[in-house]
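Here's a quick briefing to read alongside the model. Have the sequence and the 3D view open, and let's walk through it topic by topic.

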Protein chains: 2
Amino acid sequence: MRHFFEELEGLRGKICEMAALVKSSIHKSVLCLTERNPDLAEQVIRDEAVINRLEIAIDELAIRLVSLNQPVASDMRLLVAALKINTDLERMGDLAMNSARRALMLLEAPPIHPPVPMQALSDLVEDMVDRSIKAFMENDADAAKNVLLADDQVDRLRNEIYENLSQRMEEQSGLVRRALGNMFIARNLERIADHATNISEDVIFLVRGVDVRHHSEV
Amino acid sequence: MRHFFEELEGLRGKICEMAALVKSSIHKSVLCLTERNPDLAEQVIRDEAVINRLEIAIDELAIRLVSLNQPVASDMRLLVAALKINTDLERMGDLAMNSARRALMLLEAPPIHPPVPMQALSDLVEDMVDRSIKAFMENDADAAKNVLLADDQVDRLRNEIYENLSQRMEEQSGLVRRALGNMFIARNLERIADHATNISEDVIFLVRGVDVRHHSEV
C-alpha cells in the first residue's frame, strides 16, 4: 500500500478530475441551448455515465482509506468532506443532464425572442463551481467563504429570468411550453449553485473544524 | 464511553427522529395548500431550523464514532450510510420548506379549479420516505429495493400534473402564476422522492456491501 498521505492526494486528484468533467457538462448543457447544437446535449448525456462511475470509485477509495488507516482528526475531516463533495458533484452532473434533455426538447421549436440571459446565469454558476473546488484543492477557507456570497447574485438573476418568463407566458400563450423549458433549466442552474455552496461549507468545516452550515455568519 | 454497539443504535435512533420530523414537514407543506391553512406552512418553516440542528448533531456523532473506534467493514458501511442519509433528509426538509413558502404565496389568491392531485402525489412520496427509513432501521435490502420501484409511479403522476397545468396555462393566462406555483411544489415532491431513492440505494449498499447506484438491475 502506498503512503497514506499519497493516497489522500490521489483522492483529491480524483475529485478534481470529476469536478472538471462536471463543469464541462454544466457548460455544454447551456451552450447546446444558446448555440442550438444538439450534439453538445448528447455529449452531456453520455458523460453522465462517466461521472457516475467516478462517483463510485471516489466513494470506494474514501471508505477504504478510512477503514485501513486510523485517520487523525484533520485527515478524517478530509475523508468525510470528500464523501460529501463527491455526492454534490454527482448531483450537479444529474442536473446538467436534466438541462441537456430539456434543451433537446426546446431545440425542436423556434427559440424565444428575446432570449433570457441563461448564458450569464451559467457563467455565474460555473464560476462558483470552479472556485468551490479550487478552495477544496488549496484548503482555502477564505476563498470558500467568498463563494457563499456569490449565491445571492445567482438568486437575483434567476428571479429576473423567472419574472421575465412568467410575464411573457401571461402575454403569449404560444410561449408557455418553451418558457417552462427555459425556467426549468434556470432552476437546474440555481440548484447547481446550491451544491457549490454545500461544497464551500464543507471546505470551511474541513479547514477550520467548525460547522458553518445553517448559520448566517461565517 | 458507552459500548460502540449502543452508540450505533443511538445513531440509528437519531436518524429515525429526524426522519419523523422531515416526514411531518413534507405532509404539512402540501396540506397547508390543500386545506388553505397558512399556520401549517409556518410550522414547516419553524421546524426546518430543528431539522438543521439535528443534521449537525448526527454528522458529529457519526464522525466521532469513526474517529474513536476502528469500525469493521459492516459498521463502517453503517456510518457512511448514516452520513449520506442524514444529508438526504436535510435536503428533503429544505424542499418541504420551499413548498411551504410557495404555498403561502398561493394562499394569497383563489385556488385553481379543479385542483391538481397534489395530495395523491404527496401520499406516494411520503410512503416512499417512510419505507426507505423503515428499510434502514430494519436493515432490509428487499424492502429498500421495493422503494426504488415506486419512483416510476411518482414520475408518472408528476408528469400528469405538469401536463394538466401546462394546458391550463395556455388556455387561461390569468392562471399562469398559480399554475407555476403548483408546478414547483410538484417538482419539490418529485425531488423528495429522488432523495428517498438515494436512501434506499444506501440501505442496499449497507446490507449487501454492493453499490447499486447507477445500475438498472438491483
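Going along the sequence, chain A runs α-α-α-α-α-α. That makes six helices and zero strands. Keep in mind that this is a predicted model.

**Overall shape of chain A**
- A compact globule of 218 residues would have a radius of gyration near 17 Å, and chain A comes out at 19 Å, which agrees.
- Along the principal axes, the C-alpha atoms of chain A fill a box of roughly 65 × 40 × 20 Å.
- Of the 218 residues in chain A, 43% are buried.
- Take the contacts in chain A between residues at least 6 apart in sequence: 81% of them join residues at least 24 apart.

**How the two chains pair up**
- Chain B puts 22 residues into the contact, and chain A puts in 22 residues.
- On the side of chain B that touches chain A, the elements giving two or more residues are α2 (38–68), α3 (73–106), α5 and α6 of chain B.
- The top contributor on that side is α3(B), with six residues.
- Sorted by class, the side of chain B that touches chain A has 10 nonpolar, seven polar and five charged residues.

**Helix α5 of chain B**
- Helix α5 (residues 141–171) of chain B has 31 residues and reaches 47 Å from first C-alpha to last, close to the 45 Å expected at 1.5 Å a residue.
- Its buried residues are A144(B), V147(B), V154(B), L157(B), R158(B), I161(B), L165(B) and M169(B).
- As background, an α-helix has 3.6 residues a turn, so residues three or four places apart point the same way.
- The buried residues of α5(B) pack against helices from both chains: α5 (141–171) and α6 (176–208) of chain A, plus α4 (118–137) and α6 (176–208) of chain B.

**The nonpolar core**
- The largest nonpolar core has 126 residues, and those touching the most other members are V125(A), I192(A), V203(A), V125(B), I192(B) and V203(B).
- Leaving out residues up to four places away in sequence, V203(A) touches A81(A), S132(A), A135(A), F136(A), A141(A) and A144(A).

- H113(A) and P114(A) are joined by a cis peptide bond with omega about -10°, and P114(A) sits in the loop between α3 (73–106) and α4 of chain A.
- In chain B, the peptide bond from H113(B) to P114(B) is cis too, with omega near -10°; P114(B) is in the loop between α3 and α4 of chain B.
- R36(B) isn't a glycine, yet has a positive phi of about 50°. You'll find R36(B) in the loop between α1 (4–34) and α2 of chain B, where it's partly exposed, with 13 other C-beta atoms within 10 Å.
- N139(B), also not a glycine, has a positive phi of about 55°. N139(B) belongs to the loop between α4 and α5 of chain B and is partly exposed, with 14 other C-beta atoms within 10 Å.

**A spot check on D130(A)**
- D130(A) is part of helix α4 (residues 118–137) of chain A.
- Buried, exposed or partly exposed: which is D130(A)? D130(A) counts as partly exposed because 15 C-beta neighbours lie inside 10 Å.
- D130(A) and A82(A) are 48 residues apart along the chain, and their C-alpha atoms are separated by 16 Å.

Notes
Residues are numbered from 1 along each chain as its sequence is written. Chains are lettered from A and ligands numbered from 1 in the order in which they are written. This is a predicted model: local features need pLDDT of at least 70, side-chain atom pairs count only at pLDDT 80 or more; totals for chains, interfaces and linings use all residues. Helices (H or I, at least four residues) and strands (E, at least two) are DSSP runs, numbered from the N terminus. The radius of gyration is taken over C-alpha atoms; the globule rule is 2.2 Å times the number of residues to the power 0.38. A residue is buried if 20 or more other C-beta atoms lie within 10 Å of its own, exposed if 12 or fewer, and partly exposed in between; C-beta atoms are placed from the backbone. Two residues are in contact if their C-beta atoms, placed from the backbone, lie within 7 Å. The expected span of a helix is 1.5 Å times one less than its number of residues. Ala, Val, Leu, Ile, Met, Phe, Trp, Tyr, Cys and Pro count as nonpolar, Asp, Glu, Lys and Arg as charged, and the others, Gly among them, as polar. A nonpolar core is a set of buried Ala, Val, Leu, Ile, Met, Phe, Trp, Tyr and Cys residues joined through C-beta atoms within 7 Å.
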